[in-house]
Amino acid sequence: MGKFVMKPAAKDGMMFNLYANNGRVICTSQVYANEATCLHGIESVKTNSRSKIEDQTIEGYKKLTNPKYEIFMDKGDKYRFHLKAMNGEIVAASQGYKSKESCMKGIESISKNAPDAPIVKEEE
C-alpha cells in the first residue's frame, strides 16, 4: 500500500506527495494554505482516484465531465496527467513520462494506492 506524505511547502503552506509501495512519487499536489486544506486535497484524491480518463493526446478526444484524469503532452514532449476534482480544480499532478503506457500505469497506481493510503505528516 502506498502513502500520502504531507509536508511544509518551500513557501508558506503545505503540500503532499502520494508514494507507491516502491517508494516512488506517483503524484504531487499544489501548495495549500494550511494543513486543513491540504488534508481536504488528500481526501479529494482518495475520493476521485478511480475517475474516468480524458486522453487529450488523441485528435478529436471527447471532453468528459469532472472528476477526471486528463492525459496531455507537455512542452518537452512528455506525457503527464492531472486529476481534477468535481469542481474542476487540479488536486494531483504527475511527473513527465516518456510513454503513454507509463503515464497510464501512473494513473492505475493512484487508483490502487490512494483509497486506503495512510497519511504521514513530515515535519520541517
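Student: What should I know before I start?
Tutor: The model is predicted, so local features need pLDDT of at least 70 and side-chain atom pairs count only at pLDDT 80 or more, while totals for chains, interfaces and linings use all residues. Residues are numbered from 1 along each chain as its sequence is written, and side-chain values use heavy atoms, with hydrogens and water left out.

Student: How many aromatic pairs are there?
Tutor: A pair of aromatic rings is described by the distance of the centres and the angle of the planes. Rings of Phe, Tyr and Trp (its six-membered ring) pair if their centres lie within 6.5 Å; planes under 30 degrees apart are stacked, over 60 edge-to-face, the rest tilted. By this rule there are four aromatic pairs. Phe 4 and Phe 16 have ring centres 5.6 Å apart and planes at 75 degrees, so this pair is edge-to-face. Phe 4 sits in strand β1 (residues 3-8) and Phe 16 in strand β2 (residues 14-19), twelve residues apart. Strands (E, at least two residues) and helices (H or I, at least four) are DSSP runs, numbered from the N terminus.

Student: Are Phe 4 and Phe 16 buried or exposed?
Tutor: Both are buried. Buried means under 20% relative accessible area, exposed over 50%, partly exposed in between (1.4 Å probe, protein chains only). Phe 4 and Phe 16 also form one aromatic cluster with Tyr 32.

Student: What span should helix α2 have?
Tutor: The expected span is 1.5 Å times one less than the number of residues. Helix α2 (residues 100-113) has 14 residues and should span 20 Å; its end C-alpha atoms are 20 Å apart, which agrees. Its buried residues include Cys 103, Ile 107 and Ile 110.

Student: How do I read a pocket?
Tutor: Rolling a probe the size of a water molecule over the atoms shows where empty space is left. On a 1 Å grid over the protein atoms alone, using a 1.4 Å probe, a pocket is an open set of points with protein on both sides within 12 Å along at least five of seven lines; lining residues have an atom within 4 Å of a point.

Student: What lines the largest pocket?
Tutor: The lining has 14 residues; Ala 20, Asn 22, Arg 24, Tyr 97 and Ser 109 lie nearest the centre. Helix α2 gives the most, with six residues. The space is about 290 Å³, a volume filled by probe spheres set on the grid points, which are joined across faces, edges and corners.

Student: And which element gives the largest share to the second largest pocket?
Tutor: That is α1, with three residues. About 160 Å³ of space lies in the second largest pocket.
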